[in-house]
Amino acid sequence: MIALLLISGWLIPSMTTRAAFPAQLTPFPTPTPGPDGRIIYIVQPGDTLIRISLISGVPIEELRGLNKLTGDNIIVGQELLLGLGGPVIQTPTPGPSPTPTPELPTPTPLPGTGIICVLLYEDLNGDALRQESENAIPSGAISLAERSGKASFTAESRSGSDPVCFNDLPEGEYTISVAIPDGYNPTTINTINIKLSAGDETYLDFGAQKNSQSLAEEPTPGRSSSSPLLGIVGVVFLLAGILLGLFGTRILRGK
């Protein structure tokens with residue numbers, strides 16, 4: 001009888017309590033790890049350590065060790081450490097997309113220009129090298145042409161010591177030719193091909209020497225100045241001869 005009473009008075013209520021206990025569980029909000037990675041649970045009214053263990057899945061002994069508890073007493077509002085987790089990954093809010101800087105077009109380099117100067121000089125000694133005493137020959141024809149047709153010029157050589165210059169010529173390959181005037185023979189080549197680059201300043205010398213016909217036609221130095229004097233002297237001697245002849249005739253007649 002006592003055994004039945006014990007069974008009916010203690011076991012049955014105990015079984016009733018255990019069967020009713022799960023019905024008292026309330027939904028457990030999963031705690032979110034804090035910035036330091038700790039998972040904290042705030043004790044709610046009606047909570048017990050075993051209840052928190054059941055709903056969180058953390059064993060009671062582990063709860064006691066994490067929170068340094070010597071018993072099962074907890075109070076409402078108490079913070080219980082359930083464990084450690086990773087910090088909350090916060091997705092950064094995308095900012096405004098930077099406006100791409102438009103690429104500036106690469107400037108096309110402007111074509112450069114250069115200068116070609118031509119001197120047709122009288123090569124007195126015929127050595128094909130111009131000396132300072134050898135001046136320009138006038139009336140020679142100078143032609144200049146760029147092979148692709150970008151430039152074409154003609155000019156006439158002039159006397160003195162200054163060359164004929166062609167300014168602001170576009171870059172390119174040029175052919176320069178000189179036509180020697182009559183009475184001269186060339187002592188150098190009379191056609192040259194050159195490449196002109198931007199900023200170049202090219203000087204070209206062409207030599208020529210008087211031919212034998214021109215030299216023959218030139219008066220001998222000193223002869224032109226003495227010829228009039230010799231003519232006058234001749235006339236004087238002629239007149240003197242005539243006077244002497246007349247004087248001699250009169251003398252003979254007087255005898």
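N67 counts as buried, because its relative accessibility is 18% and the limit for buried is under 20%. The model in which this value was computed is a predicted one. N67 belongs to helix α3, which covers residues 60-67. A polar atom of the N67 side chain lies 2.9 Å from the backbone oxygen of L63, and L63 is itself a residue of α3 that takes part in the contact with helix α2. Leaving aside residues up to four places away in sequence, N67 touches E79, L80 and L81. Strand β2 spans residues 79-84.

The next element to look at is helix α2, residues 49-56. How do the axes of α2 and α3 lie relative to each other? They come within 9 Å and cross at roughly 110°. Angles of 65 to 115 degrees count as roughly perpendicular, and α2 and α3 are therefore roughly perpendicular to each other. On the α2 side, the contact is made by L49, I50, I52 and S53; on the α3 side, by I60, L63 and R64. In general, an α-helix has 3.6 residues a turn, so residues three or four places apart point the same way.

Which residues of α2 are buried? They are L49, R51, I52, S53 and I55. The buried residues of α2 pack against α3, and also against strands β1 (38-42) and β2 (79-84). After α2 comes G57, which has a positive phi near 80°.

Strand β10, residues 201-210, pairs with strand β3, residues 113-122, in the parallel sense. Eight bridges hold this pairing on the model, and in one of the positions to look up, C117 has Y203 of β10 as its bridge partner. Strand β10 is also joined to strand β8, residues 184-186. Here the two strands run antiparallel, and the bridges number three. Y184 stands opposite K210 of β10.

These elements are part of a protein chain with five helices and ten strands. What share of the 255 residues is buried? The figure is 23%. Of the contacts between residues at least 6 apart in sequence, 59% join residues at least 24 apart. The accessible surface of the protein chain is about 18300 Å², and carbon and sulfur atoms account for 61% of that surface.

Conventions. Residues numbered from 1 in each chain as written. Predicted model: local features only at pLDDT ≥ 70, side-chain atom pairs only at ≥ 80, totals over all residues. Heavy atoms only, no water. Pairing = 2+ DSSP bridges. Helix = DSSP H or I, 4+ residues; strand = E, 2+ residues; numbered from the N terminus. Buried < 20%, exposed > 50% of the residue type's maximum accessible area, 1.4 Å probe, protein only. Contact = heavy atoms within 4.5 Å. Areas by Shrake-Rupley, 256 points an atom, 1.4 Å probe, with all protein chains shown as cover. Polar contact = N/O pair within 3.5 Å; in protein donor to acceptor, adjacent residues only side chain to side chain. Axes fitted to C-alpha atoms, helices over the stretch in contact; angles between N-to-C directions. Parallel < 35°, antiparallel > 145°, perpendicular 65-115°, else oblique.
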